[in-house]
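This report looks at how two parts of a predicted model are packed. The sequence and structure come first, and the description follows.

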Amino acid sequence: MARRATAVLISGSGSNLQALLDAARDPAYPAAIRLVVSNRPEAFGLERARRAGVPAAVVDHRAFPSREAFEAEIEAELRTAGIELVCLAGFMRVLTAGFVERWWDRMLNIHPSLLPAYRGLHTHARVLADGAAVTGCTVHLVRPELDAGPILVQGVAPVLPGDDAERLGRRVLEVEHRAYPRALAMLASGRVRVRGERAMLLDERPGERLVLHPELGRRE
Ligand code: GRF
């Protein structure tokens, strides 16, 4: 089966981009990363793309008079590269409903919480402030509403004694880096069906949509 041409949109470090690049090095992986787009020229993810030999484009939102104009430039980059699927990976710009609709069921996002809990920013600090025992990440299809949409994969990580937001964030990133490649593989291989805004997986195996942090197994 032809691998699905995928773009990854970033704003920063791009450690999730790296996880996707690493997974896609396997010729049997159903998606190929063909383009990286950053809205920030200094994003380290651009260097990761360069090292992986993947074309990268900077579309700096500050150079455009409106969100629509900014997105039109991103669309042009996606079209030129023949992109079929889009992964948002730490892309810190809100997308218009028009853009989201054009990529309906073809665009994924990763969010560092167990959605629908803790939408928005500063998730780890809020989890700690609530005294929660568990948190994680969610890979979902993108909808116009922020941090909402049919869920494909969730990763679960424990909150441990002595955690601060940074330490907890690092632990959540470990499950992010396993959850995102798995979710993209599901979408790229055509196994995802959306019914009533719930994602179903053809031939789903038990536990396939769940990534557990190794610390969880050491609790008992
Ligand atoms: C991740 O925590 C992701 O869940 C959130 O932004 C962060 C991006 O990290 N959307 P990175 O750039 O992939 O390292």
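## Terms and basis

A residue is called buried when its relative accessible area is under 20%, exposed when it is over 50%, and partly exposed in between, with a 1.4 Å probe and protein chains only. Helices (H or I, at least four residues) and strands (E, at least two) are DSSP runs, numbered from the N terminus.

The model is predicted, with local features needing pLDDT of at least 70 and side-chain atom pairs counting only at pLDDT 80 or more, while totals for chains, interfaces and linings use all residues. Residues are numbered from 1 along each chain as its sequence is written, and side-chain values use heavy atoms, leaving out hydrogens and water.

## Helix α2 and its cover

In helix α2, which spans residues 44-52, the residues G45, L46, R48 and A49 are buried. Seen down the axis of α2, these buried residues fall within an arc of 155° (taken from the directions from the helix axis to the C-beta atoms), so they line one face of the helix. On the other side of α2, R50 and R51 are exposed.

The cover over the buried residues of α2 includes β1 (4-10), α1 (15-23), β2 (31-38) and β3 (56-58), where contact means heavy atoms within 4.5 Å. Just after α2, G53 adopts a positive phi of about 75°.

## The contact of α5 with α6

Helix α5 (residues 123-130) packs with helix α6 (residues 165-188) at an angle of about 110°, their axes lying 9 Å apart; axes are lines fitted to C-alpha atoms, for helices over the stretch in contact, and angles run from 0 to 180 degrees between N-to-C directions. The contact involves H124, A125, V127 and L128 of α5 together with A165, L168, G169 and V172 of α6.
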